[in-house]
Amino acid sequence: MKQFLSISDIPDLPQAIRQVIELKQNPLSNPLIGQGKRMAMVFFNPSLRTRCSTQIAAENLGLKTFTLDVGSQTWPIEFRLNTIMDGKSSEHIKEATMVLSSYFDLIAVRSFPTLKKKEQDLSEFILNSFHQHATVPVINMESATQHPLQSFADAITIKETQITKPKIVLSWTPHPKAIPHSVANSFVEMCRFADYDCVITNPPDYDLNPEITKGIPVIHQQEKAFENADIIYAKNWSSFQHYGQVFKHHREWIINQKKIDLTNHAKFMHCLPVRRNVVVSDEVLDSENSLIQQQVENRVFSAQYVIKKILDHVSS
Amino acid sequence: MKQFLSISDIPDLPQAIRQVIELKQNPLSNPLIGQGKRMAMVFFNPSLRTRCSTQIAAENLGLKTFTLDVGSQTWPIEFRLNTIMDGKSSEHIKEATMVLSSYFDLIAVRSFPTLKKKEQDLSEFILNSFHQHATVPVINMESATQHPLQSFADAITIKETQITKPKIVLSWTPHPKAIPHSVANSFVEMCRFADYDCVITNPPDYDLNPEITKGIPVIHQQEKAFENADIIYAKNWSSFQHYGQVFKHHREWIINQKKIDLTNHAKFMHCLPVRRNVVVSDEVLDSENSLIQQQVENRVFSAQYVIKKILDHVSS
Amino acid sequence: MKQFLSISDIPDLPQAIRQVIELKQNPLSNPLIGQGKRMAMVFFNPSLRTRCSTQIAAENLGLKTFTLDVGSQTWPIEFRLNTIMDGKSSEHIKEATMVLSSYFDLIAVRSFPTLKKKEQDLSEFILNSFHQHATVPVINMESATQHPLQSFADAITIKETQITKPKIVLSWTPHPKAIPHSVANSFVEMCRFADYDCVITNPPDYDLNPEITKGIPVIHQQEKAFENADIIYAKNWSSFQHYGQVFKHHREWIINQKKIDLTNHAKFMHCLPVRRNVVVSDEVLDSENSLIQQQVENRVFSAQYVIKKILDHVSS
C-alpha cells in the first residue's frame, strides 16, 4: 500500500479483513518492523479514539509517534500556489510537508470539512495537499469527506458477527449539530469494496452525495428499510444538497427497541461518540446486540494493518 | 491494590512507607513489570509535578503513558444516567470509560472541585464516575476532595526525617485565591493511617470538613499550635462551611522564621507550587529545614509503588 | 559542554562542524548514551521544527523527552527575587527549576522576546533565570536574542556546500509582522566563530544590535552587497533601534532571481517558516540553489551533537 487516503487504497478488502482477524490473535507479532521509524500525527481537529488507537497501532509495530496538535487556527498554512503570503499564513504547505517528510517516515493527518465551502471540501483540499507535496506516505485519520480507518474497522466488526450475507442498513439519526459526511461516505464505500449488502435510509432532505451512493438503495422510510435487517449502522450527517445545514431535526428517527423489533434481531453499530437518547436509546446501546466496543477495539487493528502494509511497501 | 482513589486504598500504610524507602535505593529494579501495558493520564485540569512524576514512575516500570489533556471545557462528558444528550455534551461517561478501558490497562484521572457545588464535589462525582464505569483500575491524580499521591509522598518524607514520634502541625496559610481542600484532607487522612501525631491549626472560619478531621485536634491560635512542633506542613484552603469562599485573607498566618522559632526546630513542608512571602517567607523556604525538594522527589516513588501494586493485583 | 545557551558554548566550532558531518553518516551510533535519562522540553512559545528535531535528536541518543507546553500565559512564573507573590504568578522560578532539575537530566527552553521591553529581552531574562536556578544543564531552543541550534545547523549546511571561503550575505527581507532578532544575531555570531566571511545588508533603519555586529560590514544597499555572493541567507527582523517596530515594509528587499543574478550563482538559505513571494520569490525558493531542506535536516544533527556533548560532560 503506497498511502491510505481512502478505503479504495486497500487492494483486496475481503482478504485484508481476513488478515486483520488473524493479526488480532497476535498483535505484537511484528514489534520490530517499525523500529527506527517515526510517524507524525497531525491534528487540525481534536481526536480521542483515532489518536489513541492509531498511536497504539504504530507502537505495536515499534514505530515512534509524534503528536502535532496544530489546530485549525494555530498553524495557518497557505495551500494556494503562486500566492503572495502577506496575510495570516506564515508557512506554505510545500515547506510544511517538506519538513515533516524530512523528520518522519509517515504522516497521518486529521482535518474536518468546513461544511460551508462545498467544492473545497469535496476536493479534499487539505488531505490532498499533504499527499501531493509530501515525499513520504500519508494516512487519512479522517478528512473532509472520508474516514476510512473507521470504516475498515467496521468492516472487520461486521465480518466477526459471522452472519452470512447480512442485510446492513446505514440509518441517518437525529443530532443537534451539523456533522460531517465522512463516516457515512466511507461506510458506503467500504460496503461496496467488501461486497456487503447495504441499504441507506434517511429523511428526504438528507441524501448523501449521489456519486458516492450510486447503485446503493436509498429508502426514505426508516421503518421499511429496517425490515429483515441484520445490522443497523447509526450515524448522523448534515444535509449534502443544502450543504452543511441542519434544517430539520427529525427526532423520530432515533434508533430505539421498537425499531430494532422490526429487524431480524439486528446488531447495532455506531462509531462513537454517540449522544444517548438522541441518536439511539439507552436500551439499544446497552443491549447485548450492541457492537460498539468491538468497533472501538478494531480501530487498533485496522490502523495496525494499514501502517504495516505501508511500511512493507516502503521497504520493498 | 485494586485501585487508588484515596490513601485508604493502601492496606498497610506504615509497611508501604518502609517499602517505598527500599524502592528508592533501586527505582529501576522492575523495568519489565509494565511492559506491553499502557496507562492513560486524563487531565481535566493542568498539572506539572503530578504529570511528570506519575509519568516517570510509570516508565520506570516499563509502562507506556498517554497524556490526554481533555480540559474541563473541551471534552464535555455527560455523567448523568438516562438523560437525553441534546445539549453540549457529546459523549457519555459510559462510552468514554469503555473506550479508555479498551485501549489502556490503567486510567489515571485529575479533576479539581468546582468549589461551588458542595454536594457534587463531596460525592467525588467525576473520579467516582470513572471508577464506576471503567473496567480497568483507576488512579487518583488529585480529585475534588483528595490528593492521595501527594500525601503518600509526604508520608515518606516525614518518615525519612527519622524524627521519633514527630509532632506534626498542618497549618492553614494565606493565599489570594480560592484553593481546594484536597491536599489538606488527604494529609489528615494519611496521618491517621500512618499513625502520625497531627494537629491542625487554622482561623476559625476555615475549619476543614469535620468528617475528615474528627479525632484530630483543631487549634485556632497558630502560635499555640506551633509549640514543640517538629514538622510544619503549610497549606492554604478555602472555607468549607462557606463553601469555596475566601472571605478574609489573614495575612498574619504566614509562616516565617519568628514562628518557626516557637517550634522544636521544625522542618518545613509544602506540596508546591508555593507563593513566596504570602504562604511562607523566603528565609524559611530557603532554609536547611525545608523539605520541599524531598517531597518533590518522593512523588515519583509513591506513584511508582502505587502503580506497581495495582499491576501486581491485575496479574495475580 | 556544560550548557548550550549560545553558539559560543561550543568550544571549537570548526571542529564541531566536522564532527557533526561525521555523525550524520551514522546518527544512531550512540543509542545508549542517554539511556535512563530524561530531557524536559519547556515551551513558552509554539514550535514545530525545533520541537521535532530536538526530540528526534534526543531519542537518537536513547533519552526520553517530556514536552511541557507551558505557554506564555498558562504557567505564570515569578522571576523576581524577594517579592511578595500575591499577584498572578503562582510559582517562583526557584521552585520551578528545582522541580525540573529533580525530575530531568536536561532542561531545554524556548522563550521568545517581548519585543517591547528591550532591557529585559537583552538580559535574556527567562533563559538566564532557568540557567541560574537549575542544577542540571540548560539548552536554548530559541531565546529572546539567540537561536544557536539553528545557527549551528546553518554552519553545517554552509560547510556542506564545499565552497572554499564563501562570501556569505545575511540579507534583511520584508515581512508583515514584527520578528525577533534571534536567528540573525546567532547567525552573525556563528559566522565569527566558524571563521566564515559574512556581510550584512539591511535598510538603514534595521541595523542589528551593534554589539553583536561589530567588525562585520553592514551595507545598506542590497544589490551592492549581493555582488559576488556565494550564499544569500534571507531573514527578516524588526527594528533594533526603534525596538520591535516595523515602521516601513521595504517590499523591494524581496529576494528574487534578478537579485540572485547579481551574485556568484549564490545558494539560498532560510531557517523557515518562510513567507513565499514576500521574503523570497517562488522561483528562488524552488530552485536547485535552495538549501532549505538541508538546513531542516541538519537541525537534528546539530541538536544531537549538543545533547551528546552535554551528556559527555555530565558523566565525566
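I will go through the contact between two of the chains, and then how those chains are related. Please keep in mind that this is a predicted model.

Start with the extent of the contact. Chain C puts in 23 residues and chain B puts in 27 residues. The size of an interface is often given as the accessible area lost when the parts come together. Here the area buried between chain C and chain B is about 2200 Å², and 60% of that comes from carbon and sulfur atoms. Within chain C, the residues that lose the most area to chain B are C:F66, C:E95 and C:Y103, which together make up 27% of what that side buries.

Which elements of chain C supply at least two residues each to the side that touches chain B? They are β2 (64–69), β4 (91–92) and α3 (93–103). Of these, α3(C) gives the most, with six residues. By type, that side of chain C has nine nonpolar, seven polar and seven charged residues.

Last, the symmetry. Chain C superposes on chain B by a rotation of 120° with 0.0 Å of shift along the axis, at an RMSD of 0.0 Å. The two chains are therefore related as by a three-fold axis. In chain C, the C-alpha nearest that axis belongs to C:T67, at 6.2 Å.

Technical notes: Residues numbered from 1 in each chain as written. Chains lettered and ligands numbered in written order. Predicted model: local features only at pLDDT ≥ 70, side-chain atom pairs only at ≥ 80, totals over all residues. Heavy atoms only, no water. Contact = heavy atoms within 4.5 Å. Buried area = accessible area lost by both parts, 1.4 Å probe. Helix = DSSP H or I, 4+ residues; strand = E, 2+ residues; numbered from the N terminus. Nonpolar A, V, L, I, M, F, W, Y, C, P; charged D, E, K, R; others polar. Least-squares fit on C-alpha atoms with pLDDT ≥ 70 in both.
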